[in-house]
Structures are given as structure tokens and as C-alpha cells.
Amino acid sequence: MTTAFDPIDLAGTRLANRIAMAPMTRSRAESESRTPTALVAEYYAQRASTGLIITEGVQPTAIGQGYPDTPGLHTAEQIAAWREVTDAVHAKGGRIFAQLMHAGRISHPEVLGGGLHPVGPSAVAPAGQLFAGTGLIDFVAPRELTADGIAETIAGFATAARNAVEAGFDGVEIHGANGYLIQQFLATGSNHRTDEWGGPVENRIRFAVEVVKAVAAAIGPERTGLRISPANTYNDIAETDTDAIYPALVAAIDPIGIAYLHVTEAKPEVRELTLALRKAFSGTFVLNPATEGPTGPDALALIEDGTTDLVAYGALFIANPDLPARLKAGGPYNTPDPATFFGGDHRGYTDYPTL
């Protein structure tokens with residue numbers, strides 16, 4: 001029987017076990033340069049015993065930033081700073097992928113600075129507020145991406161992927177979940193376009209597919225992963241055809257041969273769809289299962305019964321940097337404290353870090 005503690009080959013990259021560290025926003029980058037700090041290198045190196053580390057969301061371009069003090073991968077200074085992180089992880093025998101996250105409309109001019117304005121598939125403002133450094137402020141309507149803007153955004157993902165490899169990452173995960181730009185294109189609530197990027201399912205998956213193709217072409221499909229979160233309403237996402245759009249998306253990307261598909265379950269009711277996507281995808285399957293509270297040791301059974309190849313743990317990794325060893329020993333586990341998730345203080349956030 002396969003267990004979580006068996007090694008696995010991830011499209012040519014050997015992982016020591018089948019436990020993944022899920023991406024979690026920490027907001028610990030330098031405010032001006034958006035570079036990761038020495039604390040970031042220490043943080044990831046402490047967790048290098050896991051099979052695969054997936055970093056916090058990293059903006060591929062300046063306009064992709066969604067929150068204060070998040071890191072980028074679009075300048076030489078950022079590449080050099082990330083090299084310190086990847087070297088620290090590799091020195092401990094770990095494997096690390098950078099998650100490329102374009103926030104799209106989940107941003108604000110006050111966060112972006114430099115006269116930049118958030119972009120999206122359509123000029124539809126999300127409901128709610130975001131933290132912009134000093135307090136909560138209302139979202140604004142994004143600028144609708146033109147055809148040229150879409151092409152530029154796709155190219156930005158590819159360039160950031162090349163930068164990630166230059167920085168020493170073992171690969172990248174494309175963030176297509178949790179209400180950010182790629183899911184904004186997938187969802188009818190945020191995508192009102194009538195051109196080839198909107199409307200029917202085959203058009204709304206086009207942006208995600210083209211990003212995956214561009215990144216795979218830039219660094220190789222064996223270094224490319226994709227994260228999705230079917231039926232997730234986070235960040236004011238409204239999907240009307242979840243059961244149609246995700247099978248279509250997986251069918252379109254499967255021939256590209258990417259390393260893995262990472263599914264974040266928004267609720268237990270999507271398990272049937274999860275299993276269908278697992279069956280349809282030819283590569284390694286990573287699952288962040290729907291649970292009440294942080295994912296716990298019970299989720300390891302999902303590897304044993306074949307539901308997934310790897311299980312991604314989020315909040316439990318914050319409090320337990322040596323989580324694989326604790327899972328193997330049956331505990332004990334430190335209890336995650338939400339007040340420590342973002343840069344060591346609350347800063348307006350109250351939820352577990354599922355970003």
C-alpha cells in the first residue's frame with residue numbers, strides 16, 4: 001500500500017514524501033523592492049523535510065500584486081533574493097516550487113503604487129474590502145484587459161517562470177484558484193466578455209490554457225503545475241457551471257503534460273468532481289481537501305485509498321515546521337494561531353491562510 005511517507009517522482013523531480021506544503025500568503029517581503037527577506041529563507045528552510053514546498057503567491061508582474069508586502073519575480077533584485085531562499089531549502093534536501101499569482105481585480109491602486117490600477121477580464125468590481133497597509137478599503141472596478149493586455153499578461157507569466165528557474169526553483173505553480181485573475185476569467189460572475197476570452201466554456205478556459213502553455217513552453221511542462229479551486233466563492237467569485245468548466249479545463253491542459261494538478265476543495269460536496277478530475281488528469285494529483293479547520297492527519301488516508309498522490313497541508317505547517325515527522329509519529333501537534341499567519345501580526349486578516 002502506498003503511504004504519505006513513500007517517495008514519488010514528480011515528472012523527473014524526486015520528492016522524499018507525498019506531503020506538500022500549501023501556498024500561504026505571509027506578507028513578509030520588503031515593502032519597496034518586493035524582495036523576500038532572510039526571514040523568508042529561514043521559514044522555508046525550516047520546512048524543507050516536506051516532499052514539496054509551494055511558496056506563497058508571488059506576483060509575476062508589478063500589476064499582479066494583490067496585498068501589501070508580497071514578493072515578486074519580475075526584477076533582477078527579486079531573482080537574487082529568491083536564490084537565497086532556494087539555496088537554503090536545497091541545502092536541507094528540500095524541493096520548492098514558486099506559486100505565480102496574479103491577483104487581477106483583487107487589488108487596489110494603494111497596494112500597487114506607481115499609478116497602477118488593477119486589471120481583470122471585465123470591469124466588474126468585487127464586493128468587499130481588502131487590507132491596503134493601514135486599514136480596510138473598498139475594492140475598485142478593475143480596468144478591463146484589452147487583447148494586447150491579455151497577451152502581455154500571459155507573457156508576464158512566462159517571463160516570471162523563467163525568472164523562477166534562474167532563481168533556483170525546481171518549478172512553478174500557476175495560481176488558477178481562490179478568486180484571482182485566472183479564476184476571474186473562468187467565472188461568469190467576473191467575466192462578462194463577448195470576445196474569444198468570454199462567453200461559452202471553451203472561451204472562458206482559454207486564458208488559463210494559454211498561460212499554462214506559455215509557462216510550459218518557457219521552462220518545460222515537467223516544471224509546471226496548476227492550482228484550481230472548483231466552486232470556491234472566495235473573493236466574490238460566482239461560478240454558474242463548475243461541473244462543466246473544470247472538466248473542460250483539465251481536458252485542455254492534460255495533453256500539455258504538466259507535472260501536477262493541485263485541487264483545493266472549497267467544500268465537501270465537490271469530492272465527486274475532484275475524483276472526476278483526478279481520473280481525467282494524467283500527471284501527479286495534489287489535493288488540499290475540504291476539512292473543518294486546518295487539514296489534519298486523517299487526510300493521509302486519501303493517499304492510501306488512491307484519492308490523490310500528494311496531500312497539501314496549510315495552516316498546520318505554520319505551527320509545525322517539522323510536520324512530516326510529526327505526522328509519521330502521530331503527533332504531537334502545535335495548534336495554529338491565526339494571529340501569526342501574516343508577517344507575525346494580524347494586520348486586518350482573520351481567516352486561515354488559504355490564499
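This report walks through a predicted model of a single protein chain, moving from overall confidence to a few individual residues.

**Confidence and the annotated domain**

The protein chain has an average pLDDT of 94, and 95% of the residues reach at least 70. Confidence is highest in helix α7 (residues 206–219), at 99, while the lowest mean, 92, belongs to strand β7 (residues 129–131).

UniProt, in an unreviewed entry, gives residues 5–331 the feature "domain: NADH:flavin oxidoreductase/NADH oxidase N-terminal". In the model, that span is 34% helix and 17% strand, and its end C-alpha atoms lie 15 Å apart.

**A cavity inside**

The largest cavity holds about 40 Å³ of space. Its lining is made up of Thr25, Gly57, Gln59, Gly64, Gln65, Gly66, Tyr67, Thr70 and Met101. By residue class, the lining of the largest cavity has 7 polar and 2 nonpolar residues, and no charged ones.

**Helix α1 and what covers it**

Which residues of helix α1 (residues 38–45) are buried? They are Val40, Ala41, Tyr43, Tyr44 and Ala45. The cover over these buried residues includes the strands β3 (19–21), β4 (52–58) and β5 (96–100), together with the helices α2 (76–91) and α11 (315–319).

**Two buried residues**

Ala177 sits in the loop between β10 (171–176) and α5 (181–186). Its relative accessible area is 0%, so Ala177 is buried. Setting aside neighbours within four places in sequence, Ala177 is in contact with Gln183, Arg227, Ile228 and Ser229. Ser229 shows how the fold brings separate parts of the chain together: Ala177 and Ser229 are 52 residues apart in sequence, yet 4.8 Å apart in space, C-alpha to C-alpha.

Leu327 belongs to helix α12 (residues 323–329). Leu327 counts as buried because its relative accessibility is 6%, under the 20% cut-off. Leaving out neighbours within four places in sequence, the contacts of Leu327 are Phe5, Ile19, Pro297, Leu300, Tyr313 and Tyr333. Gly168 is 159 residues from Leu327 along the chain, and their C-alpha atoms are separated by 28 Å.

**Two partly exposed residues**

Arg162 is found in helix α4 (residues 147–166). With 43% relative accessibility, Arg162 counts as partly exposed. Not counting residues up to four places away in sequence, Arg162 touches Ala218 and Ile219.

Glu196 lies in the loop between α5 and α6 (201–204). Glu196 is also partly exposed, at 40% relative accessibility. Its contacts, again without residues up to four places away in sequence, are Asn203 and Arg206.

The table below gathers C-alpha pairs from the residues described above.

| Pair | Along the chain | C-alpha separation |
|---|---|---|
| Ala177 and Ser229 | 52 residues | 4.8 Å |
| Leu327 and Gly168 | 159 residues | 28 Å |
| Arg162 and Pro247 | 85 residues | 28 Å |
| Glu196 and Gly257 | 61 residues | 24 Å |

**Backbone details**

A few places in the backbone are worth a look. Where is there a cis peptide bond? The bond from Gly331 to Pro332 is cis, with omega near 0°. Pro332 is in the segment after α12, the helix that holds Leu327.

Arg34 has a positive phi, near 55°, and is a residue other than glycine. Its place is in the loop between β3 and α1. Is Arg34 buried or exposed? At 17% relative accessibility, Arg34 counts as buried, because the cut-off for buried is under 20%.

Asp236, likewise a residue other than glycine, has a positive phi near 60°. Asp236 lies in the loop between β11 (224–228) and α8 (242–253). Here the relative accessible area is 37%, so Asp236 is partly exposed.

Terms used
Residues numbered from 1 in each chain as written. Predicted model: local features only at pLDDT ≥ 70, side-chain atom pairs only at ≥ 80, totals over all residues. Heavy atoms only, no water. 1 Å grid on protein atoms, 1.4 Å probe; cavity = no way out; pocket = protein on both sides within 12 Å on 5 of 7 lines; lining within 4 Å. Points joined across faces, edges and corners; volume = space filled by probe spheres on them. Nonpolar A, V, L, I, M, F, W, Y, C, P; charged D, E, K, R; others polar. UniProt positions renumbered as here; feature names shortened; annotations may be inferred. Helix = DSSP H or I, 4+ residues; strand = E, 2+ residues; numbered from the N terminus. pLDDT = per-residue confidence, 0-100. Buried < 20%, exposed > 50% of the residue type's maximum accessible area, 1.4 Å probe, protein only. Contact = heavy atoms within 4.5 Å.
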